[in-house]
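Here are my notes on the model you sent over. Have a look at the structure first, then go through the points below.

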Amino acid sequence: MNIDLHGRRVLVTGASSGLGRAMSLAFASCGARVAINHLDDREGAEAVAVTIQAGGGTGLVLEADVSDENAVDVMFER
């Protein structure tokens, strides 16, 4: 991907595997700081963060149920 996202923040829900993981890595490769949301796969989310950090990027793991408004509010506060 050839898009400059330096200085931008991106939240990817369901980012611990599959398409969410792929999108997280792609955004990070373009320079974005990535918030890696998961519901019940902390290990997978942490693996995504480690991969992003190994490439010089910033990845933050956030556990939240995006169908729960209060959980989303707490996630955004972080």
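**Notes on the fold**

1. Helix α1 (residues 18-29) lies across β1 and β2, and runs at about 170 degrees to β1. Axes here are lines fitted to C-alpha atoms, for helices over the stretch in contact, with angles from 0 to 180 degrees between N-to-C directions. Helices (H or I, at least four residues) and strands (E, at least two) are DSSP runs, numbered from the N terminus.

2. A caveat before going on: this is a predicted model, where local features need pLDDT of at least 70 and side-chain atom pairs count only at pLDDT 80 or more, while totals for chains, interfaces and linings use all residues. Residues are numbered from 1 along each chain as its sequence is written, and side-chain values use heavy atoms, with hydrogens and water left out.

3. The open sheet has 3 strands in the order β1-β2-β3, with parallel pairing (two strands pair if DSSP finds at least two bridges between them). β1 and β3 stand at the edges with a single partner strand each, so one side of each has no neighbour in the sheet. On average, neighbouring strands are turned by 20 degrees against each other, direction ignored.

4. β2 and β3 pair in the parallel sense over 5 bridges. I36 has V61 in β3 as its bridge partner.

5. Which residues of helix α3 (residues 69-77) are buried? They are A71, V72 and M75 (buried means under 20% relative accessible area, exposed over 50%, with a 1.4 Å probe and protein chains only). Seen down the axis of α3, the buried residues fall within an arc of 100 degrees, so they line one face of the helix (the arc is that of the directions from the helix axis to the C-beta atoms). On the other side of α3, E69, N70 and E77 are exposed.

6. The buried residues of α3 pack against β1 (9-12), β2 (33-38) and β3 (59-63), with contact meaning heavy atoms within 4.5 Å.
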